[in-house]
Amino acid sequence: MNHRSLIPDPRSLFAALAAVLLLTTAAQAQTKALRFGKLWDGSKVANDAVVVIDGDRITSVGSGNSAVPAGAQVIDLRKYTGIPGLIDLHTHITYYWDRKPGTRPRGGQRLPAVTVYLAQDNARRTLETGVTTIRDLNAGNDMDLAMRELTASGAMVGPRMFVSGPGLSNRPNQPLNAENVASLVAARVKSGVDWIKVFGSRGSYEVVDGTQTVSFEEMKSVVDAAHAAGKKVAIHSYGASGVRDAVRAGADSVEHGADVDDETLQEMVKRGIVWVPTVDHNRYYIDAKDEFGFAPGVEGPLKDYIERNLASVAKGVKLGVMIGMGSDAVYTMFGQNTRELEWLVKAGMTSTQALQSATTIPAELLGIGDRLGRIAPGYLADIVAVEGDPTANVTTLFNGVRVVFKEGKAVVDRSK
């Protein structure tokens, strides 16, 4: 027997050892330990917190040096407060304006593919507010679907998206009725939407007329068809009657709404319907009135609607309605997505309750409560580092977001 054949070739041994070392190093490099001075995980606050991430998932949440795994990449964020990635339940991310002098946000014409590309700016501004997930309600030409897929694949950096395509409404050329609701909903579902949106009333931009435009029967037929197809429904209504009928029809969420009566609010509680009141978007229209070229005097009706909208939200908070944060961001409002939270505090919420309206409540509504909206083992690593303490003062979010992780990757870093 040739005993030399039993002795490993040193070169092969070295190659095998190098491969093991490379695999070990790669695994260690993939493990990150984020250290926070304070952490709000979606329900409670912890000090000197450590969040361990492996790839795109959270593997553990602890505190102190002992919670840091050996070999992990430590990211020291102890001067910040950590919170879950936020969720904006009402956006229009494909509404893009290039801000060129002499132009207005509305009315420009461009190819859909060009708009999708340019709307990356809206997506970036959204991430910078700490919002890592959005529900986008009303976009044409499959632009929202395209952005959703590009973002999911990593080809575009932005928040993950749940989309509705064009909202259904009662139009002269395509009214909602018993004969066509099923086909309209089926067409949306076939296109690949996540939600069905219905415009149940007038009201948009500087117009705050809440005249109901879709009847209870029509709303109910849409809801029934959508639920049969496994899709949830969001119904837009500025006025009280449209909100009442949307709730009676079984909508999963109601958007906007003023002058809402107690009985309707109590029915929301009973049915577990989420209300997305979007108070702040009318503040934005007042601030941006010159950009849009609104007629003089528009501030009066907008301010009046804000007051009525907010009064209804205050009643809803007292009665225990589940309220979700929705900015209704368009054009230059992206980057202001979380300012809705200040209005929710004005309506009687604590800062922590307002944060829940942007984390745990919308996560459950979107069907992702088992992986987003909290900082916990097994959840996706969507985590925001904030200078200040948003659990004590939610307005620190407006200018205090420093680092945003989405699925374990830093997509925003303003810590330097």
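Modeller: One term is needed at the outset: helices (H or I, at least four residues) and strands (E, at least two) are DSSP runs, numbered from the N terminus. The model is a predicted one. With that numbering, asparagine 138 is located in the loop between β6 and α4.

Colleague: What is the phi of asparagine 138?

Modeller: Asparagine 138 has a positive phi of about 115 degrees, although it is not a glycine. Most residues other than glycine have a negative phi.

Colleague: Is asparagine 138 buried or exposed?

Modeller: Asparagine 138 has a relative accessible area of 15%, and buried means under 20%, so asparagine 138 is buried.

Colleague: Which other residue has a positive phi although it is not a glycine?

Modeller: Aspartate 328 is one of them, with a positive phi of about 60 degrees. Aspartate 328 sits in the loop between β12 (322-323) and α12. Aspartate 328 counts as buried because its relative accessibility is 7%.

Colleague: Back to α4. Which of its residues are buried?

Modeller: Helix α4 spans residues 143-153, and Met143, Asp144, Leu145, Met147, Arg148 and Thr151 are buried in it.

Colleague: What covers the buried residues of α4?

Modeller: The cover includes the helices α2 (112-118) and α5 (181-191), together with β6 (131-136), β7 (160-163) and β14 (401-406). Just after α4 comes glycine 154, with a positive phi of about 90 degrees.

Colleague: Now the helix pairs. At what angle do α9 and α11 cross?

Modeller: The axes of α9 (residues 280-287) and α11 (residues 299-319) cross at roughly 160 degrees and come within 9 Å. The two helices are therefore roughly antiparallel to each other, and α9 passes α11 in a left-handed crossing.

Colleague: Which residues make that contact?

Modeller: From α9 they are Asn282, Arg283, Tyr285 and Ile286, and from α11 they are Glu299, Leu302, Lys303, Tyr305 and Ile306. By class, the contact has five nonpolar, one polar and three charged residues.

Colleague: And at what angle do α8 and α11 pack?

Modeller: Helix α8 (residues 262-271) packs with α11 at an angle of about 45 degrees, and the axes are 10 Å apart. The pair is therefore oblique, and the crossing is right-handed. Asp262, Leu265, Gln266 and Val269 in α8 meet Ser312, Lys315, Gly316 and Leu319 in α11. That contact has three nonpolar, three polar and two charged residues.

Colleague: Where is alanine 347, and what does it touch?

Modeller: Alanine 347 is in the loop between α12 (340-346) and α13 (351-356). Not counting residues up to four places away in sequence, alanine 347 touches Leu310, Val313, Ala314 and Val317. Alanine 347 counts as buried because its relative accessibility is 8%.

Colleague: Last topic. Which members of the largest nonpolar core touch the most other members?

Modeller: They are Phe292 and Leu397, in a core of 85 residues. Leaving aside neighbours within four places in sequence, leucine 397 is in contact with Ile83, Leu86, Thr338, Leu341, Leu355, Val386 and Pro390. Apart from that core lies another, of 18 residues, among them Leu39, Ile58, Ile75 and Ile383.

Technical notes: Residues are numbered from 1 along each chain as its sequence is written. This is a predicted model: local features need pLDDT of at least 70, side-chain atom pairs count only at pLDDT 80 or more; totals for chains, interfaces and linings use all residues. Side-chain values use heavy atoms; hydrogens and water are left out. A nonpolar core is a set of buried Ala, Val, Leu, Ile, Met, Phe, Trp, Tyr and Cys residues joined through side-chain atoms within 4.5 Å. Buried means under 20% relative accessible area, exposed over 50%, partly exposed in between (1.4 Å probe, protein chains only). Contact means heavy atoms within 4.5 Å. Axes are lines fitted to C-alpha atoms, for helices over the stretch in contact, and angles run from 0 to 180 degrees between N-to-C directions. Angles under 35 degrees count as roughly parallel, over 145 as roughly antiparallel, 65 to 115 as roughly perpendicular and the rest as oblique. A crossing is left-handed if the near helix is turned anticlockwise from the far one by less than a right angle, and right-handed if clockwise. Ala, Val, Leu, Ile, Met, Phe, Trp, Tyr, Cys and Pro count as nonpolar, Asp, Glu, Lys and Arg as charged, and the others, Gly among them, as polar.
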